[in-house]
Amino acid sequence: MFRKIQKVISKAKKAETRKEEAAAEADGSAPLEMRIKAIMANVFKMDINEINEETSADTIDQWTSLEHVDFLVNLQQEFEIEFTDSQIVEMLSYPAVVENVKAAMADKNN
């Protein structure tokens, strides 16, 4: 019985994630933001569905200085960008990361 409940919950979470991805794709933000979330989830060893506008170094215990560097290196490799020193210092929340990745990509394209 317990396993059946777990399966139902798992299917519901997957369906919710697909809906969020579809909604994000509709407004054009999915690829970038989902890629950032995937990197965050991998580096900080967390569920991608836990990452939201409130996610920050203050809310993730695993977000240490070493993981921060690993996270930034992964972002730079994924998006083929480089961050300035000031960007690196301020990228301590999910919204700040998205903003700075977009800014770095814009700088790269100019």
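In what order do the elements of the protein chain run from the N terminus on? I read them off as α-α-α-α-α. I count 5 helices and 0 strands. Helices (H or I, at least four residues) and strands (E, at least two) are DSSP runs, numbered from the N terminus.

**Ground rules.** I am working on a predicted model, where local features need pLDDT of at least 70, side-chain atom pairs count only at pLDDT 80 or more, and totals for chains, interfaces and linings use all residues. Residues are numbered from 1 along each chain as its sequence is written, and side-chain values use heavy atoms, with hydrogens and water left out.

**Whole chain.** I looked up burial. Of the 110 residues, 32% count as buried (under 20% relative accessible area; exposed is over 50%, partly exposed in between; 1.4 Å probe, protein chains only). I then took contacts with a separation of 6 or more; residues 24 or more positions apart account for 51% of them. Contact means heavy atoms within 4.5 Å.

**Core.** I went to the largest nonpolar core, which has 23 residues. Such a core is a set of buried Ala, Val, Leu, Ile, Met, Phe, Trp, Tyr and Cys residues joined through side-chain atoms within 4.5 Å. Ile36, Met40, Phe71, Leu75 and Val101 have the most contacts inside it. α2, α3 and α5 each supply at least two residues of this core. α2 gives the most, with 6 residues.

I checked isoleucine 36 next. Leaving out residues up to four places away in sequence, isoleucine 36 touches Phe71, Leu75, Phe79, Tyr94, Val97, Val98 and Val101.

**α3 against α5.** How do the axes of α3 and α5 cross? Helix α3 (residues 65-79) and helix α5 (residues 94-109) have axes that come within 11 Å and cross at roughly 40 degrees. That makes α3 oblique to α5. Axes are lines fitted to C-alpha atoms, for helices over the stretch in contact; angles run from 0 to 180 degrees between N-to-C directions. Under 35 degrees is roughly parallel, over 145 roughly antiparallel, 65 to 115 roughly perpendicular, and the rest oblique.

I noted the side chains too. Phe71, Leu75 and Phe79 in α3 meet Val97, Val101, Met105 and Lys108 in α5.

**Positive phi.** I found lysine 45 with phi near 50 degrees, positive in a residue other than glycine. Lysine 45 is in the loop between α2 (30-43) and α3. Lysine 45 counts as exposed at 67% relative accessibility.

Glutamate 80, also not a glycine, has a positive phi of about 55 degrees. I place glutamate 80 in the loop between α3 and α4 (85-90). Glutamate 80 is exposed, with a relative accessible area of 61%.
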